[in-house]
Amino acid sequence: MTNMPTLSVVMIAKNEAHNLVACLRSCEGLADEVVVIDGGSTDNTVALARDLGAKVVCKTDWEGFGKQRRFAQSQVSSDWVFWIDADERLTPELKSAIKAAVDRDDRQAIYSVARLSSVFGRFIRHSGWYPDRVLRLHPRALTQYTESAVHERLELPDRAVVRPLSGDLLHYTYQDLHHYLVKSAQYADLWAQQRQAQGKKGSLIQGVLHGVGCFLRMYVLKAGFLDGKQGLLLALLSAHSTFAKYADLWVKQQPKAWP
């Protein structure tokens, strides 16, 4: 008798105690192992993950999202990997689709999932945010994440075939406006650092043009107005975040004002 293919649910996390229990409970009964890579939590993320049966590995020497995910994959022992973030939840339909895909065990397949995000109290179904398909399920030996510090992505080998899974991955993005602004600033800083390391230049004019383009694309072309007041707020905040990335890169290129 051939062995059944095995599956690991994998997460990188830091200070996610408020999210972790609901996330991992949505994964119950799905995987052969759950692997949580903790980036140095100061809350009880590690204890909660272990209580829920996860294998927890602490790696506090942060080198960016891409390298953290590559390290996480090195800790996996299963044939298949499903990536999830602490602020996400599996729906029953998606859970069943993941099980079926793993049972088929096509080692050349990478699967995408539709992510449905809740922002400021409403699920966003327009604004270019849905179905927001992301690659999350793949054979462990087939691929891994790029080393990018931010906006990392799975590498796509020439022989790989991308297939969609049915069902939604629920994404509870921001707790409040402060959470959004802090997270946006962190991403802007990482993005600017990465671009600067690549020798790229930034300007405020670039920031303005990209910011305005972002608003028009989300609110008008992608029908963000159908997402109500949340759609308007999201388009404005996204335009601001886009501008902030280029502004941050520009600021990093200016002479320092202190010794």
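Guide: Start with a term. Buried means under 20% relative accessible area, exposed means over 50%, and partly exposed lies in between. Keep in mind that this is a predicted model. Now the pairing itself. Side chains of opposite charge can pair when their charged atoms come close.

Take arginine 107 and aspartate 105. Their side chains meet in a salt bridge, with N to O at 2.5 Å. Arginine 107 has a relative accessible area of 35%, so it counts as partly exposed. Aspartate 105 is at 24%, so it is partly exposed too.

Move on to lysine 59 and aspartate 61. Here the salt bridge spans 3.4 Å from N to O. Lysine 59 is buried, because its relative accessibility is 10% and the cut-off for buried is under 20%.

Next, find aspartate 189 and lysine 252. The closest N and O atoms of this salt bridge are 2.8 Å apart. This pair links distant parts of the chain, 63 residues apart. Aspartate 189 sits in helix H5, residues 177–197, and lysine 252 sits in helix H7, residues 228–252. Aspartate 189 is partly exposed, with a relative accessible area of 26%. Lysine 252 is at 21%, so it also counts as partly exposed.

Salt bridges can also join into a network. Arg69, Asp85, Glu88, Arg115, Asp132, Arg136 and Glu152 are linked in this way. Finally, the overall count: a search of the whole structure finds 16 salt bridges.

Notes
Residues are numbered from 1 along each chain as its sequence is written. This is a predicted model: local features need pLDDT of at least 70, side-chain atom pairs count only at pLDDT 80 or more; totals for chains, interfaces and linings use all residues. Side-chain values use heavy atoms; hydrogens and water are left out. A salt bridge is a side-chain nitrogen of Lys or Arg within 4 Å of a carboxyl oxygen of Asp or Glu. Buried means under 20% relative accessible area, exposed over 50%, partly exposed in between (1.4 Å probe, protein chains only). Helices (H or I, at least four residues) and strands (E, at least two) are DSSP runs, numbered from the N terminus.
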